[in-house]
Amino acid sequence: QVQLVESGGGSVQAGGSLRLSCAASGYTYGITWKNYCMAWFRQAPGKEREGVAVLYTGGGSTLYADSVKGRFAISQDNAKNTLYLQMNTLKPEDTAMYFCAAKLCGYWSSLSFTRSTYKSWGQGTQVTVSS
């Protein structure tokens with residue numbers, strides 16, 4: 001299992017921005033950074049964990065939740081094996097613990113937010129947006 005470490009969370013006012021990072025390491029021999037679907041999920045207190053954005057590292061295709069389209073952008077740095085989530089125009093309802101997740105996938109894979117298919121998870125980073 002690849003190891004994931006998130007960073008970049010914090011507290012901001014509504015309308016502000018944050019950038020989350022997820023550093024990946026510990027690849028099994030023969031498997032590289034470009035063999036993964038990398039995702040951001042979030043979980044607010046008392047709510048189910050929900051998908052925010054997914055990126056296929058081998059091709060760059062992306063998927064976004066409707067609630068963040070046009071405000072959030074997922075991206076990658078192949079040299080650093082790092083995933084990012086740029087969050088703009090933040091709203092109080094974006095307040096949650098944000099988790100990075102990864103699963104093996106290829107160009108034939110359909111991007112999805114199905115939690116059970118993601119085998120590696122980070123410890124999470126808290127994002128708090130005040131009104």
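Visitor: Which backbone oxygen lies 2.9 Å from a polar atom of the side chain of Arg71?
Guide: In this predicted model, that atom is the backbone oxygen of Ser67.

Visitor: And which side chain does Arg71 reach with a polar contact of 2.8 Å?
Guide: That of Asp94; the polar contact joins the two side chains.

Visitor: Where does Arg71 lie?
Guide: Arg71 lies in the loop between strand S6, residues 62-64, and S7.

Visitor: What does Arg71 touch, leaving out residues up to four places away in sequence?
Guide: Arg71 touches Gln86, Met87, Asn88, Thr89, Leu90, Lys91 and Asp94. Asp94 is also the partner in the side-chain polar contact.

Visitor: Let us change topic to S9. Why is S9 described as largely enclosed?
Guide: Strand S9 covers residues 96-104, and seven of its nine residues are buried, so the strand is largely enclosed by the rest of the structure.

Visitor: How many bridges join S4 to S9?
Guide: Eight bridges join strand S4, residues 36-43, to S9, and the two run antiparallel. Within S9, Met97 has Gln43 opposite.

Visitor: What about S11?
Guide: Strand S11, residues 125-130, is joined to S9 by three bridges, again in an antiparallel arrangement. Ala96 has Val127 in S11 as its bridge partner.

Visitor: And S10?
Guide: Two bridges join S9 to strand S10, residues 120-121, and these strands run antiparallel. Trp121 in S10 stands opposite Ala101.

Visitor: Now the open sheet. In what order do its four strands come?
Guide: The order is S1-S3-S8-S7, with antiparallel pairing.

Visitor: Which strands stand at the edges?
Guide: Strand S1, residues 3-7, and strand S7, residues 72-77, do. Each has a single partner strand, so one side of each is left without a neighbour in the sheet.

Visitor: What does the twist average from one strand to the next?
Guide: The twist averages 20°.

Visitor: Last one: how many bridges join S1 to S3?
Guide: Five bridges join S1 to strand S3, residues 18-25, and the two run antiparallel. Across this pairing, Glu6 stands opposite Cys22 in S3.

Notes. Residues are numbered from 1 along each chain as its sequence is written. This is a predicted model: local features need pLDDT of at least 70, side-chain atom pairs count only at pLDDT 80 or more; totals for chains, interfaces and linings use all residues. Side-chain values use heavy atoms; hydrogens and water are left out. Buried means under 20% relative accessible area, exposed over 50%, partly exposed in between (1.4 Å probe, protein chains only). Two strands pair if DSSP finds at least two bridges between them. Axes are lines fitted to C-alpha atoms, for helices over the stretch in contact, and angles run from 0 to 180 degrees between N-to-C directions. A polar contact is a pair of N or O atoms within 3.5 Å; within protein, one must be able to donate a hydrogen and the other to accept it, and residues adjacent in sequence count only if both atoms are side-chain atoms. Contact means heavy atoms within 4.5 Å.
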